[in-house]
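Load the model in your viewer and keep the selection panel handy. We will go from stop to stop, picking a few residues each time.

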Amino acid sequence: TAAIEQAKQRPQHNAESLRAAVTKVLRLPERKGVPDYRILRAVSKRGYPLPFGTNYVIDTEPGVSAIVTRLSEVAHYARPPRGAGRATLYVAHHSSDAELRTEPLIRELLAAEPQTPLFTCDPRGIGDSRPDTCGLGQFLNPYGSDYFYSAHAIMLDRPLLGQKTHDVLCVLDWLASYGYDAVHLVGRGWGAIPAALAGVLSPQVKQVTLKQALSSYETVATSEQYQWPLSALLPDVLRHFDLPDVYRVLETKQLRQIEPVGAIQPA
């Protein structure tokens with residue numbers, strides 16, 4: 001198939017050349033300084049692994065935001081306290097709010113490093129930033145809002161996965177402005193791909209954990225059926241790199257893969 005032929009013709013990347021290829025294929029815009037942000041009014045949310053959560057809206061582009069939640073033992077409705085370097089940033093699969101209640105990996109991370117601040121991130125179109133453009137409750141339908149925005153992004157030559165990766169990078173810039181420059185970046189499912197790509201591009205990411213990450217784009221291209229959404233795919237990516245290239249570079253950042261999946265992903 002064409003995918004297999006492209007794999008034979010792709011260059012063997014080192015870390016520097018892979019960063020250039022990822023930046024090109026994702027159509028990443030230039031980031032200019034620390035993004036502006038807002039602090040949301042606190043809402044009582046039960047079932048989180050820590051008693052309190054502070055929500056921040058990070059303005060990653062004009063009119064576009066990523067939603068960040070910081071867990072804490074005590075109420076803290078203000079700018080993040082200055083850190084001493086280490087932090088964990090979890091990029092959600094479908095919803096940080098839901099996964100803070102149900103995802104065992106988050107509790108595992110807190111138990112392993114109880115003194116390390118934990119932040120979660122909903123990139124654009126996920127969780128608390130999920131749109132209902134195509135109708136209420138249509139997000140996961142085959143032609144729902146996720147597909148709608150993904151298709152428009154391709155027509156505008158800015159793939160939605162690139163936009164989500166840009167959001168994660170902006171959140172990392174924001175964290176660095178408060179002293180968190182040694183980040184353990186964690187992603188699950190749909191969030192694992194932008195987390196992995198941001199991990200390659202950001203020098204402040206020192207450790208990466210991915211759960212239920214796609215094993216390769218080649219396996220999607222060569223499968224009769226696949227379940228990954230259009231928002232997780234990149235036009236023409238196999239001419240330039242594949243996810244195993246990304247994971248190989250991330251080995252230098254203590255990459256841990258949990259339950260990687262192929263073309264058929266878990267719910």
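Predicted model: local features only at pLDDT ≥ 70, side-chain atom pairs only at ≥ 80, totals over all residues.

Residues are numbered from 1 along each chain as its sequence is written, and side-chain values use heavy atoms, with hydrogens and water left out.

**Stop 1: the core**

Select Leu89, Ile193, Leu210, Tyr217, Trp228, Phe241 and Val246. Of the 72 residues in the largest nonpolar core, these touch the most other members. A nonpolar core here is a set of buried Ala, Val, Leu, Ile, Met, Phe, Trp, Tyr and Cys residues joined through side-chain atoms within 4.5 Å. Buried means under 20% relative accessible area, exposed means over 50%, and partly exposed lies in between (1.4 Å probe, protein chains only).

Which helix gives this core its largest share? That is α7 (residues 192-201), with eight residues. Helices (H or I, at least four residues) and strands (E, at least two) are DSSP runs, numbered from the N terminus.

Now color α7 by burial: 10 of its 10 residues are buried, so the helix is largely enclosed by the rest of the structure. Center on Ile193 and show its contacts (heavy atoms within 4.5 Å). Leaving aside residues up to four places away in sequence, Ile193 touches Leu161, Leu214, Tyr217, Trp228, Ala232 and Leu243.

**Stop 2**

Axes are lines fitted to C-alpha atoms, for helices over the stretch in contact, and angles run from 0 to 180 degrees between N-to-C directions.

To see the contact itself, show Leu161, Lys164, Thr165, Val168, Leu169 and Leu172 in α6, which meet Ile193, Pro194, Leu197, Ala198 and Leu201 in α7.

**Stop 3: α5 against α6**

Next, bring in helix α5 (residues 145-155), which packs on α6 at an angle of about 100° with the axes 8 Å apart. The two helices are therefore roughly perpendicular to each other. On the α5 side pick Asp146, Tyr149, Ser150 and Ala153, which meet Leu160, Gln163 and Lys164 of α6.

Stay here and select Asp157, in the loop between α5 and α6. Asp157 has a positive phi of about 60° although it is not a glycine. Most residues other than glycine have a negative phi. At 43% relative accessibility, Asp157 counts as partly exposed.

**Stop 4**

Move to Gln212, in the loop between β7 (205-211) and α8 (217-221). Its phi is near 55°, again a positive value in a residue other than glycine. Is Gln212 buried or exposed? At 11% relative accessibility, Gln212 counts as buried.

**Stop 4: Thr60**

Finally, select Thr60 in strand β2 (residues 52-61). Thr60 counts as buried, at 8% relative accessibility. Beyond residues up to four places away in sequence, Thr60 touches Ser65, Ala66, Arg124, His166, Asp167 and Cys170.

How values were computed
Parallel < 35°, antiparallel > 145°, perpendicular 65-115°, else oblique.
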